[in-house]
Amino acid sequence: MDWIQTFSGAKFRPGAPRPEDFAIADIAHSLSLLCRFNGHCRCFYSVAEHSVRVSSACPPDHALWGLLHDLGEAYLGDMPRPIKLGFPAFEQAEQRLVRTACEAFGLTWPMPPEVKQADDALLATEMRDLMAPPPEDWRLREAPLDGRIEPWSAEQAERAFLARYHELSGGA
């Protein structure tokens, strides 16, 4: 079997994605149920909530990219950065999938550096607010954002993700 069944019941081939196969409802639902940091945070904190927060930290012209920057995880799962670095084939598959999704959602490739900067600022904020004290410095390039993260439920994260998508895409 070379496909997965999505939340909506569709067949999705992660190894051979097509732009028409991406559904925002499937992405929002899946990311709302995926916990950041492989679940090693103090409480449940979803990739969907992370994505909404990254989107809000981006300049307006990159906010949709910020929202969708981790959409590959809806189909491939979330692999933490330190592990992903050791699996170049996984990273290539993820990039192929995200590049195809860019067609589906009208995004330019590659991801703008402003999105990476917002993602790194969120990582610093998440480390401060959601993780145990680190055993050593994470060597992050960005400072944490103002305000503290109070994690949402999976249902809240899914609704917020979809609302942000519709706000940014003009209701499409």
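**Buried residues, helix packing and salt bridges**

S32 has a relative accessible area of 1% and is therefore buried, the cut-off for this class being under 20%. The model described here is predicted. S32 belongs to helix α1, which spans residues 24-33. The side chain of S32 reaches back to the backbone oxygen of H29, at 2.7 Å. When neighbours within four places in sequence are set aside, the contacts of S32 are F44, S46, A48, A154, A157 and E158. A further residue, F161, is 129 residues away from S32 along the chain, yet the C-alpha atoms of the two are separated by 8.3 Å.

The buried residues are I24, D26, I27, A28, H29, L31 and S32. The elements that cover them include α2, α3 (63-68), α4 (73-76), α6 (88-105) and α8.

Two of these covering helices, α2 and α8, also pack against each other. Two packed helices are described by the angle between their axes and the distance between the axes. The axes of α2 (residues 47-57) and α8 (residues 154-169) come within 8 Å and cross at roughly 35°. The crossing is left-handed. On the α2 side the contact is made by A48, E49, S51, V52, S55 and S56, and on the α8 side by A157, A160, F161, R164 and L168. Six of the residues in this contact are nonpolar, three are polar and two are charged.

Side chains of opposite charge can pair when their charged atoms come close. The count of salt bridges in the model comes to 14. One of them joins R53 and E49, with an N to O distance of 2.8 Å. R53 and E49 are four residues apart in helix α2, and are therefore separated by about one helical turn. An α-helix has 3.6 residues a turn, so residues three or four places apart point the same way. E49 is buried, with a relative accessible area of 0%, whereas R53 is partly exposed at 21%.

E167 forms a salt bridge with R164, and the closest N and O atoms are 2.9 Å apart. E167 and R164 are three residues apart in α8, about one turn of the helix. E167 is exposed, at 55% relative accessibility, while R164 is buried, at 14%.

D120 is in helix α7 and R141 is in the loop between α7 and α8, 21 residues apart. D120 counts as buried at 7% relative accessibility, and R141 as exposed at 64%. D120 and R141 are also members of a network, in which salt bridges that share partners join R81, K116, D119, D120 and R141.

Helix α7 (residues 113-130) also contains E126. E126 has 0% relative accessibility and counts as buried. Not counting residues up to four places away in sequence, E126 touches R36, F37, Y45, H50, M131 and I149.

How values were computed
Residues numbered from 1 in each chain as written. Predicted model: local features only at pLDDT ≥ 70, side-chain atom pairs only at ≥ 80, totals over all residues. Heavy atoms only, no water. Helix = DSSP H or I, 4+ residues; strand = E, 2+ residues; numbered from the N terminus. Buried < 20%, exposed > 50% of the residue type's maximum accessible area, 1.4 Å probe, protein only. Contact = heavy atoms within 4.5 Å. Polar contact = N/O pair within 3.5 Å; in protein donor to acceptor, adjacent residues only side chain to side chain. Axes fitted to C-alpha atoms, helices over the stretch in contact; angles between N-to-C directions. Left-handed = near helix turned anticlockwise from the far one by under 90°. Nonpolar A, V, L, I, M, F, W, Y, C, P; charged D, E, K, R; others polar. Salt bridge = Lys/Arg side-chain N within 4 Å of Asp/Glu carboxyl O.
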